[in-house]
Amino acid sequence: GDLFPPRQRARAMAIFMLGLPLGLACAYLLAGHLGQAMGWRATFVFACAPGLVLGAIILLVREPVRGATESVLPQPAADSHSWWGSVRALLGIPTLWWIIASGALHNFNMYAVNVFQTPFLQRFHEMSLREANTVSAVALGAVGVVGLLAGGWLADRLSVRRANGRLLVAAVAMALAAPCVYLALEQPRGETGGFLLFMSLGTACMFVYYATVYAAIQDVVAPRLRGTAVALYFFAMYVLGASLGPLATGMLSDSFARRAMQAADAATMSEQFRAAGLHEAMYVIPLLAFGAALVLFAASRTVARDLWGKRS
């Protein structure tokens, strides 16, 4: 927001967020080979070095001037100099509430599918670890590049004509993602080509979220409050979304697996029951994607009134 004017922010955010799908793709490919050859413990060793190096390099990045690309910078309200005053000001923005809710739903899905897609492919489609991670590298990683760049370009174009353009693009993309993921899960055993196609389409649509919604946060929040706004947003996104996504999906998987075992009147839990349980549990992902689409549509209806320039 400090480096790019509003008309370019979704595209800039799309380029910035390319690290996510590219990192996921590399992680799945590397982990699949190392995990199968050396085990998961050794794989974690290779994950540490890049973080340590980049953590040191980021100290060299210069802090940009806050609000440098804005045409008008209004004076802060009297009570916004305190942390609580800033939080109160942010919680008074209806669109931000919808965006925070969408973040929790979206990250629930993204972390659930990232944790469980490879085990799902191993159990249900009977793929090896390396094969399953290769599919995940494409379906959950590489295709995200397309979603980010296309979503960022379209969001910036539409936002010139409509104040709610970015959130509309996000809502439509999420609404399209839901049936794609559903169709991926509907593929019968062994139909990995169909799964790859539909899951890739769904993931590309879900990656549109980052370029559009991250830019929309800056549309409704004044520059002086954007750090606090992102902190509140990420709190919900990770504590309520990323943390609960794998946990809830895993609990559903275990419950459905036990139900399948009981229905078969079996005495022990087999891979067949675990596969059935995880398969059924993953249907929560398209359901919540559709819920996120509804939340984003709601945000698109309030954003025109909540643009921070208007409120100021």
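In this predicted model, the axes of helix H1 (residues 9–16) and helix H7 (residues 144–161) come within 7 Å of each other and cross at roughly 170 degrees. Helices are DSSP runs of H or I with at least four residues, numbered from the N terminus; axes are lines fitted to C-alpha atoms over the stretch in contact, with angles from 0 to 180 degrees between N-to-C directions. H1 is therefore roughly antiparallel to H7 (angles over 145 degrees). Arg9, Ala10, Arg11, Ala14 and Ile15 of H1 make the contact with Leu148, Leu149, Gly152, Trp153, Ala155 and Asp156 of H7 (contact means heavy atoms within 4.5 Å).

Gln218 lies in helix H9 (residues 192–220) and is buried, because its relative accessibility is 9% (buried means under 20% and exposed over 50% relative accessible area, with a 1.4 Å probe and protein chains only). Not counting residues up to four places away in sequence, Gln218 touches Gly1, Arg9, Met13, Arg226 and Trp308.

Gly92 is found in the loop between helix H4 (83–91) and helix H5 (94–123). Gly92 counts as exposed, because its relative accessibility is 54%. The C-alpha atoms of Gly92 and Asp306 are 9.6 Å apart, although 214 residues separate the two along the chain.

The chain has a mean pLDDT of 90, and 95% of its residues reach 70 or more (pLDDT is the predictor's confidence in each residue, from 0 to 100).

Residues are numbered from 1 along each chain as its sequence is written. Local features need pLDDT of at least 70, side-chain atom pairs count only at pLDDT 80 or more, and totals for chains, interfaces and linings use all residues, while side-chain values use heavy atoms, with hydrogens and water left out.

Technical notes
Helix = DSSP H or I, 4+ residues; strand = E, 2+ residues; numbered from the N terminus. Parallel < 35°, antiparallel > 145°, perpendicular 65-115°, else oblique.
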